[in-house]
Amino acid sequence: MSVLLFFVDGVGLGRPDPECNPLFRAHVRRLRLAEGRPVPDPAAILVPTDACLGVPGLPQSATGQTSILAGVNAPAQVGQHVSGHCTPSLAALLDGRSLFHRVRTAGGRATFANAYTPHYLKNPPRFLSVTTVATAGAGLRFRTLDDLARGDAVFHDYTNRLLLARGYHAPPVTPSEAGARLAAIVQSHTFTMYEHFLTDLAGHAQDMSSAVEVLENLEAFLDALLEHLDLSKSLVVFTSDHGNLEDLSVRTHTRNAVPTLLWGAGAANVAAGIRDLSDVAPAILRHLGMVY
Ligand SMILES: [Zn+2]
């Protein structure tokens, strides 16, 4: 049994308006998602998932990601939505509680599929992402560009285009090759996380053409991933931390629900346990037979 948490930053369920919602402008099928509309992919289950968590203000990345990974209402615990990077109080919430840590201590194999650059690993920035803190806190190895070159990792943009632009020698990968590589990692682990954030950047930039390109590539990546997984054994949980991309009429995040999409083994049971971001981790752990 294996689970992939496919995390995409800044994608909510908005209005089906192609003028402001790139999910209705891009040539996509699985990702053509809006509030109150039926899910277009008959193989998927969609759970509109509350990202506001009862805390005033706009939902933000660091608290949203901590809520997903640690199964806690992070903005309520720290008193506000926190953007960007992991703060000491969020690190305390992740400590001993992250999905990585819980799967590992229950005897499962957990991994973060994204590759890190040597520059990042040698000179880590002062402010780290929530996923980086959770990965390190669980004692997991960070995947490197050597892993990436062997096809045993994915870069966050999964085509390596941004790595090449930064001067690294990384072989370019098509979205469909990347999907096959991620599937292989998923099938050799109990729990895998992959993180993508170009969606949030395109949302903040209010850039329709870049948002359309990001979504069309993302769908090709997802298509290949799902094609290469044995969905009688694997479960894919696609979710986000807050809305943004689905409404390019505003530069900020939105208060829209986010789409949690589930494919594969146990999807209906896991979906039934999810209402807000803090439900994702407990639902995954119950599915894996790990006590929460
Ligand atoms: Zn953002």
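**Entry 1: helix α13**

Which elements cover the buried residues of α13? Before looking, I noted that this is a predicted model, in which local features need pLDDT of at least 70, side-chain atom pairs count only at pLDDT 80 or more, and totals for chains, interfaces and linings use all residues. Residues are numbered from 1 along each chain as its sequence is written.

I found that the cover includes β1 (2–8), α1 (61–70), α4 (99–105), β5 (234–239), β6 (258–264) and α12 (267–272). I took helices (H or I, at least four residues) and strands (E, at least two) as DSSP runs, numbered from the N terminus. Cover here rests on contact, meaning that the C-beta atoms of two residues, placed from the backbone, lie within 7 Å.

The buried residues of α13 (280–287) are V280, A281, A283, I284 and L285. For burial I used C-beta atoms placed from the backbone: a residue is buried if 20 or more others lie within 10 Å of its own, exposed if 12 or fewer, and partly exposed in between. After α13 comes G289, with a positive phi near 75°.

**Entry 2: the sheet**

I traced an open sheet of six strands, in the order β2-β6-β5-β1-β4-β3, with mixed pairing. Two strands pair if DSSP finds at least two bridges between them. At the edges I have β2 and β3 (110–112), each pairing on one side only. From one strand to the next the twist averages 15°.

I then checked β1 against β5: the two run parallel and are joined by six bridges. S2 stands opposite S234 of β5.

On β2 (45–49) I picked out L46. Setting aside neighbours within four places in sequence, I list L33, V39, P259 and L261 as contacts of L46. L46 counts as partly exposed because 18 other C-beta atoms lie within 10 Å.

**Entry 3: α1 against α6**

How far apart are the axes of α1 and α6? I read 9 Å, with a packing angle of about 35° between α1 and α6 (130–137). Axes are lines fitted to C-alpha atoms, for helices over the stretch in contact, and angles run from 0 to 180 degrees between N-to-C directions.

From α1, residues A62, Q65, T66 and L69 meet V130, T131 and A134 of α6.

Most residues other than glycine have a negative phi. I noted two with a positive value, Y158 and Q206.

Y158 has phi near 55° and sits in the loop between α7 (145–149) and α8 (161–165). Is Y158 buried or exposed? Y158 counts as buried because it has 27 C-beta neighbours inside 10 Å.

Q206 has a phi of about 50° and lies in the loop between α10 (198–205) and α11 (208–228), just after α10. With 16 other C-beta atoms within 10 Å, I marked Q206 as partly exposed.

I also looked at α10 itself, where L198, T199, D200, A202 and G203 are buried. What covers them includes β1, β4 (191–196) and α11.
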